[in-house]
Each structure stands twice: as structure tokens, then as C-alpha cells.
Amino acid sequence: MKDISRIFPDKYFDKNNIFYKAWSKKENKNKLPIYLNKVVEIDYSEFYKKVYKMNELEATQLVNSLLNGDVYLLKNFYSKNDCNSLIDKVYDIFQTTPEEFHKIKNGIPDYHRYISIELSKKYSIKLVKQTYYIFPWNDHKLKLFNNILPVWRMLKYISGYHADAWEKNLPIDGVVDRIQVARYPPRDGQAELHQDPYVFQKFVISIYLSKKDHDYEGGGFYALTEEKNKVFIDNQVDKGDLFFGFATIKHGVEPCDVNISPDKSKKDGRWWIGLYSVETDYVSKRRTAKPIK
């Protein structure tokens, strides 16, 4: 086993990056945001252009906003047709290929599995979802990495890393990029209140493929305010929007369509894409999501 945390900072941080400089001055890992402050909505293309034109003062203002618990909803990242097409393709994979599980080690293929209530007991938090796991050295069916690389590089840049950090990594390197395309099925689909690990990736990053009150009813992704109120981000979401905010903010997913029985042969429910830079199974004591009791 190798402990990547000992070599991680010097290898992946970009010390010439204006955001790295801002985080270095402002970030205190003992005082990271745990509650949602507000949701900032902005068009994806507008935000993307703005980020690469920022000076150090503007970069510091964005860092302060994120550290204050603001989350960002970038509108119109994908078109509705793109969302529908991707759902159809992943649904076809669900129906035509067997479920599998693989540890994140060299040679791991893309695979999918239905994480049931019973199976979720093997995970760090209670969650129920049907998920397709995709790795950059495979990705031969959907070509998702090519489409998503620009925004992922932007978010790594905002995080103070080299924009292409981990892109070429293999599991033996200790941390890799991984995409999930997932379906939260009716009634059972959920993720208990938790915080994601704050190790290599500062943010929770989600791309919404379905829309509340159109594709599914009730429930969805929420974050807690300091007053312990649940704010359902899904209420502000359109198909194709992209969300990011601090991984340490307490959040979860409540079941949707609670009066409909889940069915693996259907494509109903809530669909999304998750972007993750994760520790692999070559690292001892991998850090994963932490439930909030």
C-alpha cells in the first residue's frame, strides 16, 4: 500500500495559480464551511469566461464566497437533448450488461451496479442508487470525459491545482478521476445526510440530467443551513445545470416519487452525473463520505 497524502500537495498544487495563492491565505482546514449560506445562479458560459479573466482580488472574492458556504448553480451546461440522450445510453447499458463490482485497482473496467438498501450496508453511508462508474482509461462507450474535461479543469483550477491534475493517473498512483452516471429510483433512492471527504477534491460536483416536478416528484438533493433547515437545490434546477459547492457542507438526497415502486427495468426517477477525484484501493485507510448522525 502507498500513502499518497504524503506526496500529494507538492505534486498537484499549482503555486503560480492565482486561486492557489488565495486559498493559501484564506483556507483553514479546521474551519471549513459545514452549512449552506446561499445558492448563486449564473450561466455556465458566462461563469467559465469570467473565471479565466479574474485577477487576484476577484479570485479571492470567489474563494471567500465558497468558504462562506455559498454554492454555485451553473445554468445550461448541457442541453436537454444531451441529457435525454445520455440517459437513454446509460439505461441501455443497465439493461444489456451484467452488474459488477470492482475495487479501484489497475485494469479496472467501467461497470455498473444497483446499490440496494441491503447492499448499501457495505458503504460508508446509507445510499440507494443505480450507478455506472466510468474511468478515463476506458470511457469507450459514452466519451463523457472529452465533453466534461473543460469544466472539470476549470474547477480544479479554481481549487488551486494544475488544471489537468490526475487526468493521466492510474489507480497505482493513488488518486484517479471517476465519473458516475446515476439514477435514484423512485421511493428507495436516497443518500443519508453526510459530508464528502475533503482530501483531493474541494467540491461536490453534480450535473443534473432530470428536472424536479417534470421527471420526478418530491425529494432530491438538499443542503443544511445553520438553522438546520433543508434547502432543496433541486427546486432551482433545470435539466443540464451544473452544481458545485464545498464537500464539507452537510447534504443528502431524499427519496422522490415515494408512491411508485422501484423497478430496474425502468428509467424513471432522478438522474445525475457526479464528478469525483477519489483515492484508490492502493491507499491504506481510504477516506470516504462521513454520515452525520
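# Pockets, cavities and helix packing: worked exercises

Counting spaces of 30 Å³ or more, there are 2 cavities here. Keep in mind that this is a predicted model.

**Exercise 1. Work out which residues line the largest cavity and which element gives the most to that lining.**

Step 1: start with the space itself, which for the largest cavity is about 60 Å³.

Step 2: The lining is made of W152, L155, K156, S159, Y161, W166, F200, Q201, K202, F203, I205 and S277.

Step 3: see where these come from. Two or more lining residues are supplied by α6 and by β7, and α6 gives the most, with 3 residues.

Step 4: sort the lining by class. You get 7 nonpolar, 3 polar and 2 charged residues.

**Exercise 2. Describe the largest pocket: its volume, the residues nearest its centre and the strands in its lining.**

Step 1: the volume of the largest pocket is about 1,000 Å³.

Step 2: find the middle. Out of 47 lining residues, Y123, R178, Q180, T288 and A289 sit nearest the centre.

Step 3: trace the strands. At least two lining residues come from each of β3 (111–115), β4 (127–134), β5 (175–184), β6 (190–195), β7 (203–208), β11 (251–254) and β12 (270–279). The top contributor is β12, with 7 residues.

**Exercise 3. Now take the second largest pocket: which helix gives the most to its lining?**

Step 1: this pocket has a volume of about 280 Å³. It is lined by 15 residues, with P136, F145, L149, E167 and K168 closest to the centre.

Step 2: the helix you want is α6 (residues 144–158), which gives 5 residues to the lining.

Step 3: check the classes. The lining divides into 6 nonpolar, 3 polar and 6 charged residues.

**Exercise 4. Classify the packing of α3 against α6, and say which residues make the contact.**

Step 1: know what to look for. Two packed helices are described by the angle between their axes and the distance between the axes.

Step 2: get the geometry. The axes of α3 (residues 44–51) and α6 come within 11 Å and cross at roughly 45 degrees.

Step 3: classify the angle. Angles under 35 degrees count as roughly parallel, and 65 to 115 as roughly perpendicular. The α3 and α6 pair is therefore oblique.

Step 4: list the partners. From α3 come Y44, F47, Y48 and V51, and from α6 come P150, V151, M154, Y157 and I158. By class, this contact has 9 nonpolar residues, no polar ones and no charged ones.

**Exercise 5. Is the crossing of α2 and α4 left-handed or right-handed, and what meets at the contact?**

Step 1: helix α2 (residues 18–26) packs on helix α4 (residues 56–67) at an angle of about 50 degrees, with the axes 9 Å apart. That angle makes α2 oblique to α4.

Step 2: the crossing is right-handed.

Step 3: on the α2 side, the contact uses I18, F19, K21, A22, W23 and K26. On the α4 side you'll find E56, A59, T60, L62, V63, N64, L66 and L67.

Step 4: these contact residues divide into 9 nonpolar, 2 polar and 3 charged.

Notes. Residues numbered from 1 in each chain as written. Predicted model: local features only at pLDDT ≥ 70, side-chain atom pairs only at ≥ 80, totals over all residues. Heavy atoms only, no water. 1 Å grid on protein atoms, 1.4 Å probe; cavity = no way out; pocket = protein on both sides within 12 Å on 5 of 7 lines; lining within 4 Å. Points joined across faces, edges and corners; volume = space filled by probe spheres on them. Helix = DSSP H or I, 4+ residues; strand = E, 2+ residues; numbered from the N terminus. Nonpolar A, V, L, I, M, F, W, Y, C, P; charged D, E, K, R; others polar. Axes fitted to C-alpha atoms, helices over the stretch in contact; angles between N-to-C directions. Parallel < 35°, antiparallel > 145°, perpendicular 65-115°, else oblique. Contact = heavy atoms within 4.5 Å. Left-handed = near helix turned anticlockwise from the far one by under 90°.
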